[in-house]
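Please keep the sequence and the model in view while reading.

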Amino acid sequence: MGQSKIAILERALAREKAARKQAESILEKKAAELYETNQKLEKSYSELETLLTQKDSQLQGVFENIVDAYLIMDLFGNILKMNDAALNLLGFKDDKVDYNLLKMVSPKDMDRVTNSFKGLLKEGTLTDFEIKITTNLNLEKLVHINASIIYDNGIAVAAQGIIRDITKDKEAEEKLIESENRLATLILNLDSGVVLEDENRKIILTNKKFTDLFNIEASPIELIGMDCKAAAEQNSVLFKDPDHFLERMREIDSLKQTVIGDELEMVNGKILERNYLPIVQGDHSKGYLWTFKDVTLNRTYRKRLEVEKQKYYNIISNMNLGLVEVDLSDRILMVNQSFVNMTGYSEEELIGIKGKDLLPIIEDQPIINKKVKDRKKGKTELYELRIKNKQGEVRHWLVSGAPNYDLNGEIKGSIGINFDITEIKNLQLQKENLLKKLEKSNNELHEYAHVVSHDLKSPLRSINALVSWLKADNKDKLDESSLQNFALIESTLEKMEQLITDVLEYSSIGAGETSKKEVNINDMVMDLLKILYVPSHVHINILSTLPTINGNKIKLQQLFQNLISNAIKFIDKEVGIIDINVEELATHYQFSIKDNGIGIEEKFHEKIFKIFHALNKSKDSTGIGLSIVKKIIELHNGEIWLESEPNVGTTFYFTIKK
């Protein structure tokens with residue numbers, strides 16, 4: 001190779017090296033720029049990724065926290081996604097479900113759903129669509145749907161919707177409509193004329209009674225929308241004072257306050273009662289309710305009643321008996337002049353005070369307190385009471401107290417008629433002397449009763465013996481009819497002898513009594529049950545330990561024997577139950593003997609304690625048993641009463657003083 005070629009090659013090589021160095025320098029510079037750009041891109045990507053994550057999280061939060069049920073489905077009705085509210089509404093546990101919403105629709109509603117979905121695809125939205133569905137839990141619900149289409153680059157890809165459960169709202173709406181209908185029906189059939197106006201005084205509702213009261217020929221429906229002001233002016237001629245009628249109407253309308261009991265006199269003699277009720281919601285007037293009622297008969301009756309009341313008040317005011325009327329709190333409402341004279345207090349001093357606190361002496365306070373309670377129970381009683389008049393004198397009154405009733409039959413207080421018997425009480429000494437004589441006569445009568453009893457029983461025994469002899473002597477000659485007659489005679493003789501014995505026993509109670517002593521009632525009743533005949537189907541229970549009391553043991557035993565035997569006798573159930581119990585009161589023991597027998601009608605509750613009054617006529621009943629019981633109880637300072645229901649049973653209550 002020539003020297004010139006080598007030189008050329010060296011120069012070329014040098015140029016190439018220089019170019020390569022220049023290229024490497026440029027490449028290094030570009031690489032540095034590229035690295036810097038790449039770092040910026042990585043940072044921007046990281047920031048974008050963070051932003052996208054935040055936005056996605058925010059959107060997911062919005063989706064999950066929508067209060068109403070929110071659901072996304074494909075265009076075939078398959079569920080794609082739903083929030084918790086939708087899960088609860090449709091009856092799913094989570095949104096990972098493969099379920100088509102058309103399954104929830106009734107077949108009869110399928111056409112309506114199909115048409116609405118077509119409309120959704122066409123318009124892009126669906127509003128206020130209501131449909132009844134059956135949820136995944138087989139619950140029937142009425143839902144309200146607002147839906148829209150989801151697009152991707154202008155192409156419909158899915159649908160989203162808000163679903164609300166309006167089942168309860170619909171039920172409430174139906175109930176409200178039903179209530180409105182009932183109210184309208186009630187108003188139309190009221191005995192009062194009714195006019196309901198709106199805030200502009202236009203009639204909204206009225207009834208037939210209103211048109212009848214004002215002789216309006218139009219029907220209630222034809223009056224709807226009429227101006228009430230114009231109607232009032234037109235109808236004012238129906239009233240005795242038309243100007244006053246209109247003036248009062250304007251006054252009521254301007255004040256807009258409730259008015260009750262306005263009276264209107266009509267030209268035809270009728271008296272109407274007018275009521276007015278403004279209807280206000282918040283601070284805004286929503287209408288007015290007027291009612292009109294014909295009270296002509298009531299007012300006429302009231303006037304007549306006032307006349308009669310005044311007449312009888314004048315009579316009462318001049319009676320020689322003190323009359324007082326009190327309310328349920330025993331506060332005096334009215335007194336007559338005689339009562340004022342008897343107490344020494346003026347009418348002004350008496351009205352409004354509690355009579356039982358002012359007049360009776362302290363010792364008689366328990367009496368008046370008990371009588372006030374009895375009066376509230378409807379009892380009418382006659383009793384004596386000692387009072388102290390304004391001058392401090394103690395006077396003896398005979399009081400007749402009776403409950404006072406209102407028109408509904410409810411007790412509203414009591415009325416007392418008072419007679420001053422102080423002078424009569426001054427004759428008490430003579431009375432005591434008479435009582436001593438009476439006691440002596442009673443003793444003689446008791447002795448006489450024994451003699452009469454013996455004299456009456458002797459011929460009875462003779463007749464009984466004679467009948468027995470006749471039967472024995474003619475044993476083979478008597479037919480069955482004759483034997484029945486003899487048996488009837490014997491039964492009658494037995495009953496008559498028992499009657500004489502009971503009468504003697506009744507007349508002997510309280511006469512020649514031995515001194516009382518402590519009697520253990522529990523032991524006495526237990527011993528008594530051992531000797532009484534008690535059928536196997538009857539069970540007698542002593543519910544609590546009976547007390548020891550001061551009394552006559554023989555009489556007390558007779559008392560319990562009669563009541564227990566009575567209970568056994570009248571039990572008609574397969575299983576008879578008799579319960580004996582006692583309750584301790586302040587001054588007495590209250591005993592009760594309860595059975596599940598035939599019971600006693602209320603109208604016989606007093607009658608059965610009277611002598612010779614037996615409700616069930618039988619050979620072993622003389623009608624004296626309960627009379628003896630009552631007399632023994634009274635001997636021990638007690639009372640007897642009963643509670644009974646026919647075919648259920650009877651409870652006899654009686655008290656014996658401690």
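The points below cover a hairpin, a helix, a single threonine and several salt bridges.

The structure is a predicted model. It holds 26 salt bridges, and several of them are described here along with the elements in which their residues lie.

- Strand β3 covers residues 125–134 and strand β4 covers residues 140–152; the two run antiparallel and are joined by eight bridges.
- One of the paired positions is threonine 134, whose bridge partner in β4 is glutamate 140.
- Together β3 and β4 make a hairpin, with five residues between the strands.
- Within the turn, asparagine 138 has a positive phi of about 65 degrees.

- Helix α13 consists of 12 residues, 365–376.
- At 1.5 Å a residue, α13 should span 16 Å, and this agrees with the 17 Å that separates its end C-alpha atoms.
- The buried residues of α13 are Gln365, Ile368, Lys371, Val372, Asp374 and Arg375.
- Just after α13 comes glycine 378, which takes a positive phi of about 95 degrees.

**Threonine 291 in strand β10**

- Threonine 291 belongs to strand β10, which covers residues 284–294.
- Its relative accessible area is 18%, and because buried means under 20%, threonine 291 counts as buried.
- When neighbours within four places in sequence are left aside, threonine 291 is in contact with Gly193, Val194, Glu273, Arg274 and Asn275.

- Lysine 208 and aspartate 212 form a salt bridge in which the closest N and O atoms are 2.9 Å apart.
- Both residues lie in helix α5 (residues 208–213), and the four residues that separate them correspond to about one turn of the helix.
- Lysine 208 is partly exposed, at 46% relative accessibility.
- Aspartate 212 is also partly exposed, with a value of 38%.

**Salt bridges between separate parts of the chain**

- A salt bridge joins the side chains of lysine 240 and glutamate 265, with an N to O distance of 3.3 Å.
- Lysine 240 is in the loop between α7 (228–235) and α8 (242–255), whereas glutamate 265 is in strand β8 (residues 259–265), so this pair ties together parts that are 25 residues apart in sequence.
- Lysine 240 is exposed, with a relative accessible area of 55%, while glutamate 265 is partly exposed, with 47%.
- Another salt bridge links arginine 386 to aspartate 364, and here the closest N and O atoms are 3.0 Å apart.
- Arginine 386 is located in strand β13 and aspartate 364 in the loop between α12 and α13, so the pair ties together parts that are 22 residues apart in sequence.
- Arginine 386 is partly exposed, at 31% relative accessibility, but aspartate 364 is buried, with a relative accessible area of 5%.

**A network of salt bridges**

- Salt bridges also link Glu197, Arg201, Asp253 and Lys256 in a network.

How values were computed: Residues numbered from 1 in each chain as written. Predicted model: local features only at pLDDT ≥ 70, side-chain atom pairs only at ≥ 80, totals over all residues. Heavy atoms only, no water. Pairing = 2+ DSSP bridges. Expected span 1.5 Å × (residues − 1). Buried < 20%, exposed > 50% of the residue type's maximum accessible area, 1.4 Å probe, protein only. Contact = heavy atoms within 4.5 Å. Salt bridge = Lys/Arg side-chain N within 4 Å of Asp/Glu carboxyl O.
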